Amino acid sequence: MDHRSTNNKLAVVKNDGPIVAVSGLAVLILVALVFYDSALPEWQAYQSEFRNIVEEKFGSERAQSVPVGIQQLHVKELGITDRCITCHGGVMWKGLENSPEPYRSHPREILAKHPIERFGCTSCHGGQGYATDAGDAHGPIEHWEDPVLGSRMGEFYVLSDKRALMQMHCNSCHRYDRETKGASFLNRGKQLLAEKGCRACHVINGRGGTVGPDLTYEGTKAPEQFNYERIKGFHSAFTWHVAHFKSPKDLVSESVMPQFGFSSADAQALAILVMSWKKAAIPLSYVPNHNFRDVPTADEKAKEERMLNGPGAFFVKKNCFLCHSISTLGIEAAAQIGPDLALAVTDVQSRFGRTLDDFLAKPTGTMDVVLSTMITLTPEERNEAIEKLRFAHQLKQQAEAIAAKRKK
Ligand code: HEC
Ligand code: HEC
Ligand code: HEC
Ligand code: HEC
Ligand code: HEC
């Protein structure tokens, strides 16, 4: 950019020969000024302003200690070279908390846990570490898909916490934390993930059902791989995920992913979470809790054991319990994704106009996908399921009859 503007100005001067002849000296000075101005890199202006600020606040001796020239943090383990501190000179200074950017002291607590010599800047903020122009360093620019996820971007996406997008980066290391202090959107996303039973249909970290796609590295999917035909407004992976969480069928007509009724904030929290799941070459020494095994909790295990010893054991063994309770057989769903099957015998008849036998032989909707991709039932097993669901229904009717008698 700088080169081009310099050349243009020089070209104009060259073609204006007669004027040069008249006032050669003035033009020479002008050319020198234009050249000097565009040759002076942007960062030098910030550096000298930073020196002025330090001199004003702390005296000329400390101003002398302000480093001169391009400054960088090279972190071999993470493969990054970040020159952000060339302009952001005040990061490690005390007493510049109220200075304007890029001179301000950095919030301290977070850097106490993550020293910049070991973490650089882009591991948390994103951006192009090597660049020394603000525009190139912050982005967004072409051919660089990782802009600084700062407050301007957050404002653009209307996030309640404008800086929340940065949490995508926190989770590339904190993926296995149940909770990470200072990352409220991630924490909310992780809570929803467990509550809503996303794993019934999705493999995440090697565990889960196969009705939907494996989400372990969802964040690595390129923005161009999503279909934006039905999205009004700005197109990015983030807007796609938010719209999809609010209403999967609006974007993918044949989707069997439930509409959970998420608020905008919850949909954003989940979008930040799934986009943080990138395949990244981060050494284990940078990943807290990496020994963590993503397996059912002791409570979940104990409950499963109990149910395996009861009359509904079949539905635990065949994994129906991931999505369905069968209340009269003591089966409690891991996540209430499908209806209570204690009522299936009459429900299927009234909802689909078909018998249970017919429905399980030729299922539609979610059960079509479940029984063709996730669970196979042999004809014998199908009969066993039907028999047990009839029994569950009988128990339900008996319970209702007793309750009705009591009322009278
Ligand atoms: C461990 C993660 C981490 C690292 C490493 C890190 N930062 Fe930050 N940075 C943060 C957090 C968290 C905030 C505070 C955001 C907030 O106030 O909510 C922040 C705030 C900032 C801000 C102020 C942003 C604003 O919106 O006001 C700037 C500028 C900044 N950092 C630059 C840098 C630079 C330059 C480096 C490298 C020397 C760096 N950071 C390293 C996490 C980090
Ligand atoms: C050429 C100088 C320059 C370089 C290099 C630079 N910045 Fe900045 N940065 C600025 C200036 C000036 C501002 C304040 C004005 C603005 O927001 O654009 C700023 C603001 C910021 C903010 C707050 C704005 C927001 O949206 O929240 C963050 C965060 C930040 N920079 C991070 C970085 C990171 C990370 C790098 C390295 C990849 C970097 N900067 C490199 C000059 C620079
Ligand atoms: C490059 C990897 C990496 C990134 C990115 C990162 N962290 Fe960390 N974080 C760590 C490591 C490693 C530790 C040290 C854990 C330990 O001491 O066991 C840590 C420690 C912490 C702690 C202290 C935990 C404790 O128990 O004391 C908090 C809180 C934290 N990080 C929050 C964040 C937030 C918020 C972000 C994003 C702004 C972030 N981290 C980004 C790797 C990272
Ligand atoms: C009943 C099964 C089911 C449940 C429960 C479910 N999903 Fe899905 N999900 C799907 C199916 C099927 C697709 C593929 C069709 C589509 O995109 O809607 C999908 C697609 C997705 C995608 C898009 C993947 C891509 O790259 O196209 C994401 C992200 C996702 N689900 C996250 C979640 C999260 C988070 C939850 C829990 C809050 C969840 N899902 C619950 C079935 C389910
Ligand atoms: C991944 C989640 C999931 C699993 C696992 C699952 N189902 Fe379903 N099932 C559903 C959903 C959701 C519905 C509601 C119908 C729809 O949305 O298409 C449903 C509906 C049904 C119905 C109709 C119930 C009614 O009241 O209309 C029956 C019967 C049924 N499932 C049986 C089973 C059996 C038997 C198994 C185990 C072999 C099983 N399901 C496993 C999600 C699941």
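Me: Which domains give residues to the shell around ligand 5, and where does that place the ligand?

Reply: This is a predicted model. Domain 3 (156–286) and domain 4 (298–407) both contribute residues, so ligand 5 lies between them.

Me: Which residues are closest to ligand 5, and which helices supply the shell?

Reply: The shell holds 28 residues. Cys-320, Cys-323, Gly-338, Asp-347 and Gly-365 are the closest. Helices α18 (344–352), α19 (356–361) and α20 (365–374) each give at least two residues. By class, 19 are nonpolar, six polar and three charged.

Me: How many residues surround ligand 4, and of what classes?

Reply: Ligand 4 has 27 residues around it. Cys-198, Cys-201, Gly-212, Ser-255 and Met-257 are the closest. There are 17 nonpolar residues, seven polar and three charged. α12 (184–195), α13 (237–246) and α15 (264–276) each provide at least two.

Me: What about Asn-289?

Reply: Asn-289 has a positive phi of about 60 degrees. Its place is the loop between α15 and α16 (298–308). Asn-289 is exposed because it has 11 C-beta neighbours inside 10 Å.

Me: Which residues does the cis peptide bond join?

Reply: Look at omega. Glu-101 and Pro-102 are joined by a cis bond, with omega about 10 degrees. Pro-102 lies in the loop between β2 (80–82) and α6 (108–113).

Methods
Residues are numbered from 1 along each chain as its sequence is written. Chains are lettered from A and ligands numbered from 1 in the order in which they are written. This is a predicted model: local features need pLDDT of at least 70, side-chain atom pairs count only at pLDDT 80 or more; totals for chains, interfaces and linings use all residues. A residue is near a molecule or strand if its C-beta atom, placed from the backbone, lies within 6 Å of it. Helices (H or I, at least four residues) and strands (E, at least two) are DSSP runs, numbered from the N terminus. Ala, Val, Leu, Ile, Met, Phe, Trp, Tyr, Cys and Pro count as nonpolar, Asp, Glu, Lys and Arg as charged, and the others, Gly among them, as polar. Domain bounds come from an automatic or database domain assignment. A residue is buried if 20 or more other C-beta atoms lie within 10 Å of its own, exposed if 12 or fewer, and partly exposed in between; C-beta atoms are placed from the backbone.
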